Amino acid sequence: VQFSIFTPYPGSKLYKYLIENEGFVPEWDKMNTVFPSYVPKSLTKEDLIYYQRKGTKDFYFRIRPFANKVLKFNNLRYAINVIREAFYFFKYICRN
């Protein structure tokens, strides 16, 4: 699962609406689904990033899927790969 931040892309109805009614000014170098390019009035960029990461953490760090993965450690190579994947994922989630 991927928790993306809303990005109003050119050609969409919402993009046109935001430019006409919300004063949205696109910054093309920041238009992606990882960092906020549009921030609703009731939130901050930090809020959007926080909730995106919280959703990812809450989904991926559930006990049952982790326990199921650990129970499949039937060889060393598999265990090393899972630990490596977990390390890079955790590093991504915990960055500022």
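Thr-44 counts as partly exposed, because its relative accessibility is 36%. That value falls between the two cut-offs: buried means under 20%, and exposed means over 50%. The model is predicted, so treat each value here as computed from that prediction. Where is Thr-44? Look in the loop between α1 and α2. Now find Tyr-9, which is 35 residues away from Thr-44 along the chain. The C-alpha atoms of Thr-44 and Tyr-9 are separated by 20 Å.

Stay in that loop and move to Pro-36, which also lies between α1 and α2. Is Pro-36 buried or exposed? Pro-36 counts as buried, because its relative accessibility is 4% and the cut-off for buried is under 20%. What does Pro-36 touch, once neighbours within four places in sequence are set aside? The contacts are Ile-5, Lys-45, Leu-48 and Ile-49. Asp-47 gives a distance to check by eye. Pro-36 and Asp-47 are eleven residues apart along the chain, and their C-alpha atoms are separated by 9.9 Å.

Next comes Ser-37, in the loop between α1 (13-22) and α2. Ser-37 has a relative accessibility of 15%, so Ser-37 counts as buried. Which residues does Ser-37 touch, not counting those up to four places away in sequence? Phe-6, Thr-7 and Pro-8 are among them. Phe-24, Lys-30 and Met-31 are also in contact with Ser-37.

Now step from the loop into a helix. Glu-22 sits in helix α1. Its relative accessibility is 30%, so Glu-22 counts as partly exposed. Leave aside the neighbours within four places in sequence, and Glu-22 is in contact with Tyr-17, Tyr-38 and Lys-41. Take Tyr-38 from that list. Glu-22 and Tyr-38 are 16 residues apart along the chain. Their C-alpha atoms are separated by 9.8 Å.

Step back and view the whole protein. How many helices and strands does the protein have? There are four helices and zero strands. Read from the N terminus on, the elements run α-α-α-α. Then consider the overall dimensions. The C-alpha trace spans about 60 × 25 × 25 Å along its principal axes. The radius of gyration is 18 Å, whereas a compact globule of 96 residues would have one near 12 Å.

Of the 96 residues, 19% count as buried. Pro-36 is a buried residue, and Ser-37 is another. The protein exposes about 7,700 Å². Carbon and sulfur atoms supply 60% of that area. Contacts can also be sorted by how far apart the partners are in sequence. Take the contacts with a separation of 6 or more: residues 24 or more positions apart account for 50% of them.

Finish at the largest pocket, which holds about 350 Å³ of space. Which elements give two or more residues to its lining? They are α2 (45-60), α3 (63-71) and α4 (76-94). Helix α4 gives the most, with four residues.

Methods:
Residues are numbered from 1 along each chain as its sequence is written. This is a predicted model: local features need pLDDT of at least 70, side-chain atom pairs count only at pLDDT 80 or more; totals for chains, interfaces and linings use all residues. Side-chain values use heavy atoms; hydrogens and water are left out. On a 1 Å grid over the protein atoms alone, a cavity is a set of points where a 1.4 Å probe fits but cannot get out, and a pocket is an open set with protein on both sides within 12 Å along at least five of seven lines; lining residues have an atom within 4 Å of a point. Grid points are joined across faces, edges and corners, and a volume is the space filled by probe spheres set on the points. Buried means under 20% relative accessible area, exposed over 50%, partly exposed in between (1.4 Å probe, protein chains only). Contact means heavy atoms within 4.5 Å. The radius of gyration is taken over C-alpha atoms; the globule rule is 2.2 Å times the number of residues to the power 0.38. Accessible areas come from the Shrake-Rupley method with a 1.4 Å probe; for residues, only the protein chains shown count as cover.
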